[in-house]
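Me: I'd like a close look at the charged side chains in this one, and at how they pair up. Please walk me through it in one go, and finish with whatever sits around them.

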Amino acid sequence: MTDRPTGSEFGDGDPVVRDKRRIDPDTGELRETSMSEPPAAGPGSGPAPGMPGTPGAQPPRDPSDLIGPSAQEALLTEALAERTADLQRLQAEYVNYKRRVDRDRESSRELVIGSVLTELLGILDDIGRAREAGELEGAFKAVSESLERVTEKLGLVKYGEKGDPFDPRIHEALLHNYSDEVDGPTATMVMQPGYRLGERVLRPARVAVSEPTEQLPAEAAKADVPVESTDDDQPADKSAE
């Protein structure tokens with residue numbers, strides 16, 4: 001059996017006790033730690049000083065601290081350009097959205113007004129016939145004129161006059177003939193006026209259209225056209241002979 005050592009490097013074989021308490025038990029004051037006595041490191045001694053998670057440890061450095069000022073400025077400039085591009089894209093999307101909403105709102109408004117005015121066209125026709133017949137008088141005249149002013153304020157436009165060039169987009173031809181008095185397709189008679197709201201035609205003008213005689217088809221020009229007889233052309237009555 002091996003004998004235990006009876007001595008040590010500090011003296012004889014008596015045990016050596018080191019007081020490592022930082023607070024003096026007699027005075028209660030903090031003891032000064034000697035730099036010559038580093039703290040013992042062991043399995044349970046904890047992390048080394050200066051490492052993260054220990055008192056006095058420094059926080060990890062930002063990666064940008066590891067590069068020079070010129071590189072940092074380049075990174076900031078690139079980030080600013082990206083944010084500026086994002087803001088410009090969002091602003092353009094908002095402007096387009098607002099324009100689309102305003103356009104849809106205006107279109108819906110015109111549709112509603114157009115549907116209401118279409119229902120009033122028959123009343124306006126009656127007012128026009130009464131005016132031509134000289135029957136638009138008194139209170140009926142005042143009410144009629146007020147109604148016409150309201151429809152004009154809403155944007156209703158009446159069109160269709162005798163002598164207007166015929167336009168199939170805004171006219172509806174109910175009668176057709178040929179005449180030497182016109183140079184092109186012309187509305188020679190207006191049977192019912194037309195109405196439009198802005199660029200939208202609510203009702204086309206119904207007219208009689210005349211075209212120049214030179215546009216008469218050759219077959220029709222060669223055919224015999226019956227002519228209405230007059231009293232001078234009537235043969236004498238044989239009973240009077």
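**Salt bridges and their surroundings**

Reply: Let's start with arginine 89, which counts as partly exposed because its relative accessibility is 45%, between the 20% limit for buried and the 50% limit for exposed. Keep in mind that this is a predicted model. The side chain of arginine 89 meets that of aspartate 86 in a salt bridge, 2.6 Å from N to O. Both residues belong to helix 1, and since they are 3 residues apart there, about one helical turn separates them. Aspartate 86 is partly exposed too, at 30% relative accessibility.

That pair is one of 10 salt bridges in the structure. There is also a network of salt bridges that links Lys98, Asp102 and Arg105.

Now for a pair with a longer reach along the chain. Arginine 203 and aspartate 125 make a salt bridge through their side chains, at 2.7 Å from N to O. This one links distant parts of the chain: arginine 203 is in strand 5 (residues 200-203) and aspartate 125 is in helix 1, 78 residues apart. Both partners are buried, which means each has under 20% relative accessible area.

Glutamate 172 and arginine 206 form another salt bridge, at 3.4 Å from N to O. Glutamate 172 is in strand 2 and arginine 206 in strand 6 (residues 205-212), so this contact ties together parts 34 residues apart in sequence. Glutamate 172 is partly exposed at 31% relative accessibility, and arginine 206 is partly exposed at 31% as well.

Some charges gather instead in a surface patch. Asp180, Glu181, Asp183 and Glu214 make up a patch of negative charge there. Aspartate 180 sits in the loop between strand 2 (171-179) and strand 3 (186-192), and with a relative accessible area of 66% it is exposed.

In soluble globular proteins, nonpolar side chains tend to be buried together.

Still, a nonpolar patch shows up on the surface: Leu174, Leu175, Met189 and Met191, with about 350 Å² of accessible area together. Strand 2 and strand 3 are the elements that give two or more residues to this patch. Methionine 189 is in strand 3 and is partly exposed, at 41% relative accessible area.

How values were computed: Residues numbered from 1 in each chain as written. Predicted model: local features only at pLDDT ≥ 70, side-chain atom pairs only at ≥ 80, totals over all residues. Heavy atoms only, no water. Patch = residues over 30% accessible without salt bridge, like charges linked within 9 Å, V, L, I, M, F, W, Y side chains within 5 Å. Areas by Shrake-Rupley, 256 points an atom, 1.4 Å probe, with all protein chains shown as cover. Salt bridge = Lys/Arg side-chain N within 4 Å of Asp/Glu carboxyl O. Lys, Arg positive; Asp, Glu negative; His and termini not counted. Charge placed at Lys NZ, Arg CZ, Asp CG, Glu CD. Helix = DSSP H or I, 4+ residues; strand = E, 2+ residues; numbered from the N terminus. Buried < 20%, exposed > 50% of the residue type's maximum accessible area, 1.4 Å probe, protein only.
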